[in-house]
Amino acid sequence: MLKLNCDGAFNDRLGHYGGGAILRDEFGVLVAAMGEAYSQKGTVCFNELLAIKLGLEMVLERRSIGVVVESDSLEAVRLVNGDEQCFNVEGCWWKRFNYCRPPGSFSTTSSWDKCYCIAASLEVEDEWKTAATTDPLTLNVMDFGARGNGEDDDSQAFLKAWGALCGSNDGRTPSLLIPKDRAFLLNPLVFEGPCEPKTLNFLLQGRLVAPDYNSKAWRSDKEKWVQFSDVDGLTISGGGLGVIDGKGSDWWQACDKSDCDRPAALEIHKCDDLRLNGVTHINSAKAHIKIFNCNRVQVSGLLIWAPEESPNTDGIQISSSTNVNIENSAIGTGDDCIAIITGSSQIQVTGVRCGPGHGISIGSLWKDGAYATVEDVNVRNCSLRGTQNGLRIKTWQGGKGYARKITYEGIRLIGSKNPIIIDQHYVDKGLSRPEEADDHKSSVQVSDVTYRGVFGSSADEVAINLNCAGGRLSCRNIVMVNIHITSSLAGQKTSAYCNNGHGTATLATPTSHASH
């Protein structure tokens, strides 16, 4: 059963309009994509590919204004929406382009002039691709012996199904379906590559359930529960249905006053060109998602949740990875919503709702003595509600390395503590600072950090706290533009603290000159 959703319209309120349409198979896998755009600003349309991307985003976020048409065959799919039609002719998708009219004119002229063949690949800013096939290979884990009752161990059935998926070599993009309305108990296991297919799909529509805290299954491995390792071109898709339940409450109680080993729920290692979307992650014993040694990662549409008092339950932890894009997700945990740690660069975080939790953090860096590096991080259009920290950079005293080229813009704060904080003297809770450390001689260098358009309320008096190292290792080129943070407490004022910070502040409240 094929489903065509057309169209997802957008209006960026700058005179640019457009829409997109997508075709999915019965398992929710993208088969084809199309889009259109026009502008009221002039006679030349703005970036056509960007328009397609934005229009498709609207569809993927289920904000489409069109209708869904279902059919058993590709050729028979037809959508009629007013005077607009999206249909298939001889194996190709035709797209109607809207050409631009002079400023002030809302009407457009149209022309059938483009055809995207299903067998071809359409790339939109290297992010949107058609993964087209009229004969997808889909494996169902139930066919490999899984029971799906939440009580019997389904680990071996999953590994058998994975072996068939990973070993498929007929040139198609295979999918492994974990069906909805079922719960699958899994012991700690690794889905391992490399795999034969260049791309493959893990379609999680059911619920994955971890073993109980006192289960014998944890005797061999308490570091991770489910791991994907060395699998390039992997898509893990939940379609808004899939759930990964770490059953962490017993772990939290047992480890409340001791630093005992606890497993991360989902660990993704050495998986390039990764897509993770539409999955709900709840109650991990420790970090919910760990991404390390991965390149070109797209994460979107996630819901991650654990109680505010759950210890060390980071939402997403990124390390030794590049070109990672996290967007349009809601995260509330007992630790960092997102933690970006050493070896990471080209990280984009957009449209994330954080809270409760410890904010969106860079670090901590240099905890284990290694040379630590983080650079090219951009956090945009995010909100933080009731968090213990807001936008935090934390490095251990006496460390080495750098955190640089970091930008925060368009940030909304709602009653967050420590809204803006750089702490170059960080230590974990309960530990004392090393007496031999001298931050004038050794420290992770923090530089080129920009805060632009940060608004909202602070639950602390000190809304801006720059606690930097001394001497040549102090914070450099800290830029604040259009900062307005008031107190969430009636009648209270906010203040700024700056120790060894250097830079500029423009239209910043509370006042911070970011200087020594």
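The legends below describe close-up views of a predicted model, in which local features need pLDDT of at least 70, side-chain atom pairs count only at pLDDT 80 or more, and totals for chains, interfaces and linings use all residues. Residues are numbered from 1 along each chain as its sequence is written, and side-chain values use heavy atoms, with hydrogens and water left out.

**View A. The largest nonpolar core and its most connected members.** A nonpolar core is a set of buried Ala, Val, Leu, Ile, Met, Phe, Trp, Tyr and Cys residues joined through side-chain atoms within 4.5 Å. Buried means under 20% relative accessible area, exposed over 50%, and partly exposed in between (1.4 Å probe, protein chains only). The largest core holds 91 residues, of which Trp162, Phe202, Ile316 and Tyr451 touch the most other members. Helix α2 (residues 155-166) supplies the largest share of this core, six residues; helices (H or I, at least four residues) and strands (E, at least two) are DSSP runs, numbered from the N terminus. In soluble globular proteins, nonpolar side chains tend to be buried together.

**View B. The surroundings of Phe202.** Contact denotes heavy atoms within 4.5 Å. When neighbours within four places in sequence are set aside, the contacts of Phe202 include Phe158, Trp162, Leu176, Ile178, Phe191 and Phe228. Leu234, Thr235, Ile236 and Ser237 are also among the contacts of Phe202.

**View C. The disulfide of Cys166 and Cys195.** The structure contains four disulfides, each a pair of cysteine sulfur atoms within 2.5 Å. In the pair shown, the sulfur atoms of Cys166 and Cys195 are 2.0 Å apart, and the link is left-handed, with -105 degrees about the S-S bond.

**View D. The disulfide of Cys337 and Cys354.** The sulfur atoms of Cys337 and Cys354 lie 2.1 Å apart. The torsion about their S-S bond is about 80 degrees, so this disulfide is right-handed. It links distant parts of the chain, 17 residues apart: Cys337 in the loop between β26 (322-332) and β27 (338-340), and Cys354 in strand β28 (residues 344-354). Both cysteines are buried.

**View E. Cys294 and Cys382.** The closest cysteine sulfur to that of Cys294 belongs to Cys271, at 5.1 Å, too far for a bond. Cys294 is buried at 0% relative accessibility. Cys382 is in no disulfide, and the nearest cysteine sulfur, that of Cys354, is 8.6 Å away. Cys382 is buried, with a relative accessible area of 2%.
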